[in-house]
Amino acid sequence: MILLALTIGAVVILVLLAVLWRVRDSLSTPFGRALSLGTMALLPAVWVAGVLLESDARIKKVSFCTGCHEMAQYGESLLVDDDESLPAVHYRNGLVPREKACYTCHSKHGLTGYAEAKLAGLHDIYVHYLHEVPERIHLRSEYPTEICLHCHAEAQSFLEGRGHQYPKSLLDDLKSGEVSCLECHDVAHYLEGNDED
Amino acid sequence: MRTRRSSLPATTRMQLIQCAILAEAVGVVILALSLFVSAPLLLILSIPIGAGLTLVGALVWVWAFIWAS
């Protein structure tokens with residue numbers, strides 16, 4: 001629906017630009033001024049904003065992340081029927097938005113997280129097209145605990161979970177990031193022939 | 001009463017307006033095509049190029065049509 005609206009918007013703008021081109025010698029009339037203001041500034045501003053928002057939404061989708069062949073197996077690992085695998089548990093049970101599961105769990109929240117994710121994505125595309133992709137893909141740095149805590153920090157299962165009570169400082173250490181969730185919940189993407197990732 | 005004279009010759013101004021319309025049209029076409037592209041590289045390249053051309057077209061038009069008129 002959005003795609004259709006944006007396509008129609010593009011056609012309308014192009015038709016108006018063609019009209020503007022035809023009457024470009026008489027733009028100083030009130031009609032010419034109004035036409036050119038709408039066609040050259042107002043309408044394109046709204047339309048471009050719509051295209052950028054739509055593109056941003058598309059780039060966050062799992063289908064975009066797994067579009068590169070090296071990431072396909074990570075997409076498949078979301079469907080593994082294994083209750084130990086964190087990505088599969090979150091994806092299969094709808095604990096993260098299914099359409100943008102990769103983005104939700106691999107980008108920090110807030111504006112800086114968004115910017116970091118964009119830069120990381122550009123780097124990935126650079127490596128994909130201009131470098132040799134390593135056989136085994138690693139995270140750039142240790143998985144940030146704050147991503148887990150964004151959803152889990154106030155959850156009863158996290159605060160009162162048996163495994164989170166001892167030692168007593170564990171909850172605080174988890175919240176401060178001194179201890180990583182992955183130290184215990186260590187089965188991330190289950191890939192064929194790879195028990196560690 | 002004195003009227004402010006245009007800082008640009010009429011032909012230059014008209015050429016700028018034409019360039020602005022063309023840049024905007026090309027930018028809109030590129031951005032519209034980006035909506036149907038799935039290859040990551042094409043998508044990443046077409047968005048800044050299309051948006052940039054559209055923005056440049058709008059800015060040149062504003063400059064040539066309003067400030068220089």
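A:Tyr126 lies in helix H7 of chain A, where helices (H or I, at least four residues) and strands (E, at least two) are DSSP runs numbered from the N terminus. The model is predicted: local features need pLDDT of at least 70 and side-chain atom pairs count only at pLDDT 80 or more, whereas totals for chains, interfaces and linings use all residues. Residues are numbered from 1 along each chain as its sequence is written, chains are lettered from A and ligands numbered from 1 in the order in which they are written, and side-chain values use heavy atoms, with hydrogens and water left out.

A:Tyr126 is partly exposed because its relative accessible area is 41%; buried means under 20%, exposed over 50% and partly exposed in between (1.4 Å probe, protein chains only). Together with A:Tyr129, A:Leu130, B:Leu41, B:Leu45 and B:Ile49, A:Tyr126 forms a nonpolar patch on the surface, with about 570 Å² of accessible area. Helix H7 (110–130) of chain A and helix H2 (40–67) of chain B each supply at least two residues of this patch. Patches are made of residues with over 30% relative accessible area and no salt bridge, nonpolar side chains (Val, Leu, Ile, Met, Phe, Trp, Tyr) being joined within 5 Å and like charges within 9 Å.

The two chains also meet in an interface. In total, 32 residues of chain A are in contact (heavy atoms within 4.5 Å) with 28 residues of chain B. About 2,700 Å² is buried between chain A and chain B, 82% of it on carbon and sulfur atoms; buried area is the accessible area (1.4 Å probe) that two parts lose on being put together, summed over both. A:Trp21, A:Met40 and A:Arg58 supply 22% of the area that chain A buries against chain B, more than any other three residues.

Chain B contains two helices and zero strands, and 39% of its 69 residues count as buried. Helix H1 of chain B (residues 10–34) has 25 residues and reaches 36 Å from its first C-alpha to its last, close to the 36 Å expected at 1.5 Å a residue, the expected span being 1.5 Å times one less than the number of residues. Buried residues in H1(B) include B:Ile17, B:Ala20, B:Glu24 and B:Leu31.

In chain A, A:His164 occupies the loop between helix H9 (156–159) and helix H10 (170–176). A:His164 is buried, with a relative accessible area of 17%.

Notes: Areas by Shrake-Rupley, 256 points an atom, 1.4 Å probe, with all protein chains shown as cover. Salt bridge = Lys/Arg side-chain N within 4 Å of Asp/Glu carboxyl O.
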